[in-house]
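Trainee: I should like to go through this structure with you in a series of questions. Could we begin once it is displayed?

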Amino acid sequence: MTSTAEHIAEPDLLDRLLDIHPGTHLHAVRHARAKVASATQGSQDLFFDPALENNLSLSERLWVAYFAARLTPQATLTAHYLEQLQVLGLDETVHVAVDSGAVETLKDARLRVILGFTRTLIESPVHGDQVALQALQHEGLSTAEIVVLAQLIAFLSYQVRLAAGLGALQSAGAA
Amino acid sequence: MSELIRSNGFTNEVLGWKAWLPTVDLNSATGEQVAVLQESHPQAMTSDYYLTLAHHPDILRQRSQAFNAIMYAPGGLSRAERELASTVVSRINRCVYCASVHAQRFEQLAKRNDVISEVFADPATAGTTDRERAIVQFAIDLTLEPASLSAGHIQTLREQGLDDAQVLDLIHAIAIFAWANRLMLNLGEPVFTAP
């Protein structure tokens, strides 16, 4: 089940993680909105493409995703992103800092600022400001990288809620 | 003209939005950036928001496809009810710009803004019918407490006559504004143009 850089025609991530199987009521309901499902998966594929034209490393993007899912919390996606980090070779010191919420203690200043920005956007998006963007610029992130980072965190805010909604529909069963 | 609403810092008047980062310069934009802007929104070429997101055109393309399919696709939940949910999420997340845009869209579709006044005043009690109150409350719960979502939430919506396709449309409209609000709140700020 572990997929690395090889892009195999993977099934839709949310269908797979939430056990939404073809032939079921919920699968039919979800895929009646085919454009939404395909743009959701298309975003997933882009954000976690190892070759994303960008200097945000895959590892940084996965830490953002793991931290965002953990803060929400959304258990299924948290487990998924942790598994992806383990495929890359997880840094245990970072893992401990992230799990205890103490991202400000991270030695890697760049990751510290990236995960601080993640926390603000996930927990209290109204409190973001220009100073937060300057802190990212100070750590060497270009304009395009900041846009990708903001898009990634914003996408994760969408994905965790879509997963929560689909999970609730799944447990409600067919009407 | 619609009746002006100003309440708790929220409004239904037309606002501008100013980017904090340098935007893509159309004179030096790539063909792909221009194509994605044209696909995304009728006014994207003159919008600071889209000209910021165009720094990564592939990601913007997927975002716009999701957004446009969620907000404009025919059938399912009425477009007015989708706009109501988007306005509630924007009110909860305190995205004044987004709340203004989607308050206006709701009014264009529904030809009234009574429920928008209520959402701006106090989302927790807003809704002119039981069905509206259920939609508003679901939007609040999925925005603030996604981990609390359960079969009971779905049952409440079904009791108000929503079928599962409409419930999914509602989930999509709420979730896509978790996305949109965070970009609008963190990459720039609203500009108040009215006197």
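Trainee: What ipTM does the predictor give the complex?

Mentor: This is a predicted model, and the scores should be read with that in mind. Chain A averages a pLDDT of 93, and chain B averages a pLDDT of 96. For the complex, the predictor gives a pTM of 0.96 and an ipTM of 0.97.

Trainee: Over which residues of chain A is the pLDDT below 50?

Mentor: In chain A, 94% of the residues score at least 70. One stretch of chain A falls below 50, and beyond near neighbours in sequence it has five contacts in the model. Where pLDDT is low, the predicted coordinates should not be read in detail. The stretch is residues 1-9 of chain A.

Trainee: How many helices and strands are there in chain A?

Mentor: Read along the sequence, chain A follows the pattern α-α-α-α-α-α-α-α-α. The count for chain A is therefore nine helices and zero strands.

Trainee: What is the radius of gyration of chain A, and does the globule rule agree or disagree with the value?

Mentor: The C-alpha trace of chain A spans about 50 × 35 × 30 Å along its principal axes. For 175 residues, a compact globule would have a radius of gyration near 16 Å.

Trainee: Where do the strands of chain B stand in the order of its elements?

Mentor: Chain B has nine helices and four strands. From the N terminus on, its elements run β-β-β-α-α-α-α-α-α-α-α-α-β.

Trainee: What percentage of the residues in chain B is buried?

Mentor: The C-alpha trace of chain B spans about 55 × 40 × 30 Å along its principal axes. Of the contacts in chain B with a separation of 6 or more, 69% are accounted for by residues 24 or more positions apart. Among the 195 residues of chain B, the buried share is 51%.

Trainee: Which helix supplies the largest share of the side of domain 1 of chain B that touches domain 2 of chain B?

Mentor: The domain assignment divides chain B into domain 1 (16-72) and domain 2 (74-185), and 25 Å separate the centres of the two domains. Their contact takes six residues from domain 1 and six residues from domain 2. By class, the domain 1 side has six nonpolar, no polar and no charged residues. Four residues of that side, its largest share, come from helix H3 (residues 57-72) of chain B.

Trainee: Which helix gives the largest share of the side of chain B that touches chain A?

Mentor: The contact takes 46 residues from chain B and 43 residues from chain A. By class, the chain B side has 27 nonpolar, 12 polar and seven charged residues. Among the elements supplying at least two residues each are helix H2 (48-53) and helix H8 (151-159) of chain B. The largest share, 16 residues, comes from H9(B).

Trainee: Why is B:Ala178 classed as buried?

Mentor: B:Ala178 lies in helix H9 of chain B. Leaving aside neighbours within four places in sequence, B:Ala178 is in contact with A:Ser157, A:Tyr158, A:Arg161, B:Val89 and B:Thr143. A residue is buried if 20 or more other C-beta atoms lie within 10 Å of its own. B:Ala178 is buried because the number within 10 Å is 25.

Trainee: Which helix of chain A do the buried residues of H7(B) pack against?

Mentor: Helix H7 (residues 130-144) of chain B has 15 residues and reaches 21 Å from its first C-alpha to its last. Its buried residues include B:Phe138, B:Leu142 and B:Thr143. In chain B they pack against helix H4 (79-93), helix H6 (114-121), H8 and H9. In chain A, the partner is H9.

Trainee: How far apart are the end C-alpha atoms of helix H9 of chain A?

Mentor: H9(A) is mostly covered, with 25 of its 30 residues buried, and is followed by A:Gly173, whose phi is positive, near 70°. At 1.5 Å a residue, the 30 residues of this helix (residues 143-172) should span 44 Å. The end C-alpha atoms agree with that expectation, being 44 Å apart.

Technical notes. Residues are numbered from 1 along each chain as its sequence is written. Chains are lettered from A and ligands numbered from 1 in the order in which they are written. This is a predicted model: local features need pLDDT of at least 70, side-chain atom pairs count only at pLDDT 80 or more; totals for chains, interfaces and linings use all residues. Domain bounds come from an automatic or database domain assignment. Two residues are in contact if their C-beta atoms, placed from the backbone, lie within 7 Å. Ala, Val, Leu, Ile, Met, Phe, Trp, Tyr, Cys and Pro count as nonpolar, Asp, Glu, Lys and Arg as charged, and the others, Gly among them, as polar. The expected span of a helix is 1.5 Å times one less than its number of residues. A residue is buried if 20 or more other C-beta atoms lie within 10 Å of its own, exposed if 12 or fewer, and partly exposed in between; C-beta atoms are placed from the backbone. The radius of gyration is taken over C-alpha atoms; the globule rule is 2.2 Å times the number of residues to the power 0.38. pLDDT is the predictor's confidence in each residue, from 0 to 100.
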